[in-house]
Amino acid sequence: MMKALIVEDEYLAREELAYLIREHSQIEIAASVEDGLEAFKFLQENEVDVVFLDINIPSIDGLLLAKNLHKTTRPPRIVFVTAYKEFAVDAFEVEAFDYILKPYNEARIIGLLRKLEALESAPPSSAAVPAAPHAAENAPLSRTVNLAKGDSIIVTPCDDIYYVEADEKVTLVYTAHDRYVMAMSISDFVSRLPADSFFRCHRSFCVNIHKIREIAPWQNSTYIIKLYDLKAEIPVSRSNIKAFRQLMHL
């Protein structure tokens, strides 16, 4: 059974959240605490799967606590519960699972709880896809990534991402039906993607190899990649041609 810790200094908010968790999920509430230091001490001796974390709390603020937890061997999923919209971007730095605004919307909480329980019950992926030749040996294999949309964090399966594109100081992330703007370099974003599915085909582009529909010859003996569902045409740079041919068995 999934275990949770609630870190919230407002009594009524803490009790309401605990009630919603018990009422709409099988998640066990291991403890409810009022400040960051108390939460940190609890987590040193106890392991939980998810932390519902307010940001504006005494002793250690929620963002600092989350950054420390993010560095641990088995970090819990972090769900920020806060009245402040402006910290949503900071939440991405610690790969928060979700960002819930107060006052709580019951339907929003129920949706979150279902996502948590679905992830907990899902079997690990067993698909054997050969790793891209350029991938580092210890490249991350996370199967979801957090994307920013307005004030929300959208937990997105990596398989839903078609390609990413560098655009000056931000990175554009494309799915079949949407575009997301991430305030980070393309290298930083690509490092969060599973290396067995994504290929950095160009300095400014990284493509999901499972979304490739067509590989067309282009200038200087290079290629243009065309994808399912999208009209985008993505270049393969000359420096990546050899690795791309090996990867795609060309």
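**From one hairpin to the whole chain**

Tutor: Start with β9 and β10, which form a hairpin with 3 residues between them. Keep in mind that this is a predicted model. Strand β9 covers residues 170-175, and strand β10 covers residues 179-182. The two strands run antiparallel and are joined by 4 bridges.

Now turn to the faces of β10. In a regular strand, side chains alternate between the two faces of the sheet. Which residues of β10 are on the covered face, and which on the uncovered one? Y180 and M182 make up the covered face. R179 and V181 make up the uncovered one.

Step back to the chain as a whole. It is divided into domain 1, residues 3-121, and domain 2, residues 144-248. The C-alpha centres of the two domains lie 31 Å apart. Across the boundary, 11 residues of domain 1 are in contact with 9 residues of domain 2. The secondary structure of the chain comes to 7 helices and 15 strands. Its C-alpha atoms fill a box of roughly 65 × 35 × 30 Å along the principal axes. Buried residues are 47% of the 250 in the chain. Take the contacts with a separation of 6 or more: 54% of them are between residues 24 or more positions apart.

Next, domain 1. UniProt, in an unreviewed entry, lists residues 3-117 as "domain: Response regulatory". That stretch is 44% helix and 22% strand. Its end C-alpha atoms are 11 Å apart.

What is the strand order in the open sheet of 5 strands? The order is β2-β1-β3-β4-β5, with parallel pairing. β2 (28-33) and β5 (98-101) stand at the edges. Each has a single partner strand, so one side of each is left without a neighbour in the sheet. On average, neighbouring strands are turned by 20° against each other, direction ignored.

Look at the pair β1 and β2. Strand β1, residues 3-7, is joined to β2 by 5 bridges, and the two run parallel. L5 stands opposite A31 in β2. Helix α1, residues 11-24, lies across β1, β2, β3 (50-53) and β4 (77-82). The helix runs at about 175° to β2.

L5 comes up again in the packing. The largest nonpolar core has 42 residues. Within this core L5, V51, L53, F80 and F189 touch the most other members. Helix α3, residues 62-70, gives the most to it, with 4 residues.

Leaving out residues up to four places away in sequence, its partners include L53, I55, G62, L63 and A66. Other partners include A91, V94, A96, D98, Y99 and I100. A second core is separate and has 22 residues. Among them are A13, F52, F97 and Y104.

Finish with the backbone. Most residues other than glycine have a negative phi, and most peptide bonds are trans.

- K102 and P103 are joined by a cis peptide bond, with omega about 0°. P103 is in the loop between β5 and α5 (106-121).
- S59 is not a glycine, yet its phi is positive, about 70°. S59 is found in the loop between β3 and α3. Its relative accessibility is 59%, so S59 counts as exposed.
- D229 also has a positive phi, about 75°, although it is not a glycine. D229 lies in the loop between β14 (223-227) and β15 (233-236). D229 is exposed, with a relative accessible area of 62%.

Conventions:
Residues are numbered from 1 along each chain as its sequence is written. This is a predicted model: local features need pLDDT of at least 70, side-chain atom pairs count only at pLDDT 80 or more; totals for chains, interfaces and linings use all residues. Side-chain values use heavy atoms; hydrogens and water are left out. UniProt positions are given in the numbering used here, feature names are shortened, and annotations may be inferred rather than shown by experiment. Buried means under 20% relative accessible area, exposed over 50%, partly exposed in between (1.4 Å probe, protein chains only). Two strands pair if DSSP finds at least two bridges between them. A nonpolar core is a set of buried Ala, Val, Leu, Ile, Met, Phe, Trp, Tyr and Cys residues joined through side-chain atoms within 4.5 Å. Contact means heavy atoms within 4.5 Å. Axes are lines fitted to C-alpha atoms, for helices over the stretch in contact, and angles run from 0 to 180 degrees between N-to-C directions. Domain bounds come from an automatic or database domain assignment.
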